Amino acid sequence: MHDIRAIRENPELYEKAWAAKGSSGKVEEILALDAKLRAAQTALQSAQAERNDASKKIGQAKAQKDEAEAARLMAHVEALKKTLEEQGEVERTAGEQLKAILSSLPNIPAPEVPDGADEHDNVEVRRWGEPFAIGQAKDHATLGEAMGLMDFEAAARMSGARFVVLKGQLARLERAIGQFMLDLQTQEHGYTEVNPPLLVNDAAAYGTDKLPKFAEDLFQTTDGRWLIPTAEVPLTSLVMGQIVAEEELPLRFTALTPCFRSEAGASGRDTRGMIRQHQFNKVELVSIVAPEKSEEEHERMVGCAEAVLKRLELPFRTMLLCRGDMGFGARKTYDLEVWLPSQGKYREISSCSNCGDFQARRMDARTKKAGEKGTRYVHTLNGSGLAVGRTLVAILENYQDEGGRIAVPQALQPYLPGLSHIGGGE
């Protein structure tokens, strides 16, 4: 959601920012609706004050037995009642229309975000590690199926496309990856582990900018709730409608949950393997901070996500997304891209975004300093720390040997006692 006062004060900034994200020409309509809404509110206040005044004078006229004046005033009050009804309807309609438009428009990029239309205009910030020297690298699906531990056909029979069944050592490995990530983020980076609901209501989905724009990307239950597309939704919603004492900030939450996405816009993309699925596990990172701390927190969060890949010794690069490639609710986003030998390129494994007060306005999440009357909207941040399935993919491909076995990364071996390689028996 956007601050209408800021749009009034700097309409050119918003028009330019929205145009960069593919949503132009809305400022004029917004300002017209805003003017209509404010005019109706002014008319309502004036009519209400006039009615109150006339009502008092009716009593005075009756006390003085001036029935003619009392009748005139009563007729005037009745006329004002009609004005109040009409202006109330104008206020309601204009307010709903304004909210609908503002809800449909993306966050505006931070000034330092580079111009650009799509992923080709993203800027590499840094890279870590050298791609592994692998001869004829096999993709993760080929490796998993050859071991008999990754079954897409069985998943398709019971659930359809974009699902997988993991068995034996691969199931253990995926579980170990998630536990390792959680332990790293909670024990070393100060995040509080949360076990949140996987079903949320409209308010939580709206507050985290998933509704109404991305309804088709979500799965909805028969009772109207939504399966979470990421734990960002319930973790951020912990402060929905709350006023958090500024002395309690920052709040840092993490969770390992299944995530559910319809992938409505992904037709034909990554149809083979585990890169893009309807159901996957992910460790999410969420921070709730004071406004002046969000940029610093963003850099910290990216470092926490990078630490996972460094511990697993997986080569990656960190990308600053351009304006045209950022997500709907993001003010600034870094993507981490891990090296996949079978594709000979880096692929996204984490996205860390600073949303500023965009989500906080939608969910009315505020902060207040002790001893002060006023409140401010908090800033919210979210990131993957990391996507477990894609991390499994990266490990399979980067740690494969010529015989099709997979070496277990050193950081995961404490979670898989006695298992140095995947493949060749349980």
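At what angle do helix 3 and helix 4 pack, and how far apart are their axes? Helix 3 (residues 27-63) and helix 4 (residues 67-104) pack at an angle of about 160°, and their axes are 8 Å apart. This is a predicted model, in which local features need pLDDT of at least 70, side-chain atom pairs count only at pLDDT 80 or more, and totals for chains, interfaces and linings use all residues. Residues are numbered from 1 along each chain as its sequence is written, and side-chain values use heavy atoms, with hydrogens and water left out. Helices (H or I, at least four residues) and strands (E, at least two) are DSSP runs, numbered from the N terminus.

- Two packed helices are described by the angle between their axes and the distance between the axes.
- Axes are lines fitted to C-alpha atoms, for helices over the stretch in contact, and angles run from 0 to 180 degrees between N-to-C directions.
- With the angle of about 160°, helix 3 is roughly antiparallel to helix 4.
- Angles under 35 degrees count as roughly parallel, over 145 as roughly antiparallel, 65 to 115 as roughly perpendicular and the rest as oblique.
- The crossing of helix 3 and helix 4 is left-handed. A crossing has this hand if the near helix is turned anticlockwise from the far one by less than a right angle, and is right-handed if clockwise.
- The contact of helix 3 with helix 4 has 21 nonpolar, nine polar and nine charged residues.
- In these classes, Ala, Val, Leu, Ile, Met, Phe, Trp, Tyr, Cys and Pro are nonpolar, Asp, Glu, Lys and Arg are charged, and the others, Gly among them, are polar.

**Helix 3 by itself**

- Helix 3 has 37 residues and reaches 54 Å from its first C-alpha to its last, close to the 54 Å expected at 1.5 Å a residue. The expected span is 1.5 Å times one less than the number of residues.
- The buried residues of helix 3 include V27, I30, L33, D34 and L37. Buried means under 20% relative accessible area, exposed over 50%, and partly exposed in between (1.4 Å probe, protein chains only).
- Among the elements that cover the buried residues of helix 3 are helix 1 (4-9), helix 2 (11-20) and helix 4. Contact means heavy atoms within 4.5 Å.
- An α-helix has 3.6 residues a turn, so residues three or four places apart point the same way.
- K65 follows helix 3 and has a positive phi, near 60°.

- Helix 7 (residues 168-187) has 20 residues and spans 28 Å from first C-alpha to last, close to the 28 Å expected at 1.5 Å a residue.
- Among the buried residues of helix 7 are L170, L173, I177, F180, M181 and L184.
- Helix 7 packs with helix 10 (residues 294-311) at an angle of about 130°, and the axes are 10 Å apart. That angle makes helix 7 oblique to helix 10.
- The crossing of helix 7 and helix 10 is right-handed.
- Helix 7 makes this contact through F180, M181, L184 and Q185, and helix 10 through C304, A305, A307, V308 and R311.
- By class, the contact has seven nonpolar, one polar and one charged residues.

- H189 lies in the loop between helix 7 and strand 4 (192-193). The relative accessible area of H189 is 15%, so this residue is buried.
- Apart from neighbours within four places in sequence, H189 is in contact with L184, R252, R300, C304 and A307.
- E112 is found in the loop between helix 4 and strand 1 (123-128). At 36% relative accessibility, E112 counts as partly exposed.
- E112 touches L320 and K332, not counting residues up to four places away in sequence. E112 and K332 are 220 residues apart along the chain, and their C-alpha atoms are separated by 8.5 Å.

**Backbone details**

- The peptide bond from L211 to P212 is cis, with omega near 0°. P212 lies in the loop between helix 8 (202-207) and strand 6 (219-220).
- Another cis peptide bond joins G385 and L386, with omega about 20°. L386 is in strand 16 (residues 379-387).
- R162 is not a glycine but has a positive phi of about 65°. R162 lies in the loop between helix 6 (152-159) and strand 3 (165-166), and counts as buried at 15% relative accessibility.
- D364 has a positive phi near 55° and is also a residue other than glycine. D364 lies in the loop between helix 11 (358-363) and strand 14 (366-368), and is partly exposed, with a relative accessible area of 36%.
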